[in-house]
Amino acid sequence: MRTVWTFTYAISFLFYASRKLKQVKKTTTFEQQETIHQVPKYFGKQVVKRSGSEVIVTGEENIPDGSFLIVSNHQGNFDIFTLLGYFKKPFGFIAKIELSRIPVAKPWMDYMGCLFLDRNNRRQSVETFKQGIKMLQQGYNLAIFPEGTRTKSSEMGEFKSGSFSLAKKSNVPVLPVMINGTYKSMEANKNRIKPGTFYLTICEPIMPEMYENMSLQELSDETQNRIQVELDRQEGLTYEEEQLA
């Protein structure tokens, strides 16, 4: 029943929020990103809360000034709602092309500054990355899941190093973000939603002067390692909590 209720709410809210697009169309300048993101942020939080889950956020002091590229591991569907609702600064996703085919979601994603990536179309991917580099240079923040798909577990897949050209070519910080626990509320439960605790940890950023002499692969490895360290720490803390319960 919780699964049906959560998805019903999500779909209904998107239809309701579409009415606000007329207002959003008047607030599309960079300085007004916060106004645009109020609705998606509220939406993300409400979906998490209606699933009966909670989010524990740490490391917000590591968010740099100016624009940056958020790089996160990808465990499950709730990663998106967790980032939307609980990452405090506005950003747009670099999302898979399939999401652009959801009529009620695409308008909001467009106004958020999301870009759609077709990994099976090299020419389209190159154009998307060019747009992303331009947006980062203009002061927007973007988020990407370099594994390319959900792992549906606490294990990380290999990061695709090409994703990091967004940061190198726009000369912005890479902000590693660790997400843990999201897969347990859906993917590990035969896609039936159950309450859980999600952990969102913002790691120390990798500044341009730190990676200027790194190859894309070295930058990818360093980012993945920072997330892995926090993931291992969080898994250890979670295990200790379960033993004490």
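Colleague: Which residues account for 75% of the contacts in the protein with a separation of 6 or more?

Modeller: A contact means heavy atoms within 4.5 Å. Of the contacts with a separation of 6 or more, 75% are between residues 24 or more positions apart. Please keep in mind that this is a predicted model, in which local features need pLDDT of at least 70 and side-chain atom pairs count only at pLDDT 80 or more, while totals for chains, interfaces and linings use all residues. Residues are numbered from 1 along each chain as its sequence is written, and side-chain values use heavy atoms, with hydrogens and water left out.

Colleague: How many helices and strands does the protein have?

Modeller: There are nine helices and seven strands. These are DSSP runs numbered from the N terminus: helices are H or I with at least four residues, and strands are E with at least two.

Colleague: How much of the protein counts as buried?

Modeller: Buried means under 20% relative accessible area, exposed means over 50%, and partly exposed lies in between, with a 1.4 Å probe and protein chains only. Of the 245 residues, 52% are buried. The accessible surface, from the Shrake-Rupley method with a 1.4 Å probe, comes to about 12500 Å², and carbon and sulfur atoms hold 51% of that surface.

Colleague: Is strand β7 mostly covered or mostly uncovered?

Modeller: Strand β7, residues 197-202, is mostly covered, as five of its six residues are buried. Two strands pair if DSSP finds at least two bridges between them. Strand β1 (residues 54-58) runs parallel to β7 and is joined to it by five bridges. Strand β6 (residues 174-180) runs antiparallel to β7, with four bridges. Look at Thr201 in β7: it is the bridge partner of Thr58, and it is also the bridge partner of Met178.

Colleague: Why is strand β3 largely enclosed by the rest of the structure?

Modeller: Strand β3 covers residues 92-96, and four of its five residues are buried, so the rest of the structure largely encloses it. It runs parallel to β5, to which two bridges join it, and Gly92 stands opposite Leu142 in β5. With β4, strand β3 pairs in the parallel sense over three bridges; there Lys96 has Leu117 as its bridge partner.

Colleague: Which residues of helix α6 are buried, and where do they lie around the axis?

Modeller: An α-helix has 3.6 residues a turn, so residues three or four places apart point the same way. In α6 the buried residues are Ser125, Thr128, Phe129, Gly132, Ile133, Met135 and Leu136. They cover an arc of only 160° around the axis, which puts them on the same side of α6; the arc is that of the directions from the helix axis to the C-beta atoms. On the other side, Arg123, Lys134 and Gln137 are exposed. The buried residues of α6 pack against β2 (69-72), β4 (115-117), β5 (142-144) and α7 (165-170).

Colleague: Which residues other than glycine have a positive phi?

Modeller: Most residues other than glycine have a negative phi. Among those with a positive value are Lys152, at about 60°, and Asn171, near 60°. Lys152 is in the loop between β5 and α7 and is partly exposed at 46% relative accessibility. Asn171 is in the loop between α7 and β6 and is exposed, with a relative accessible area of 52%.
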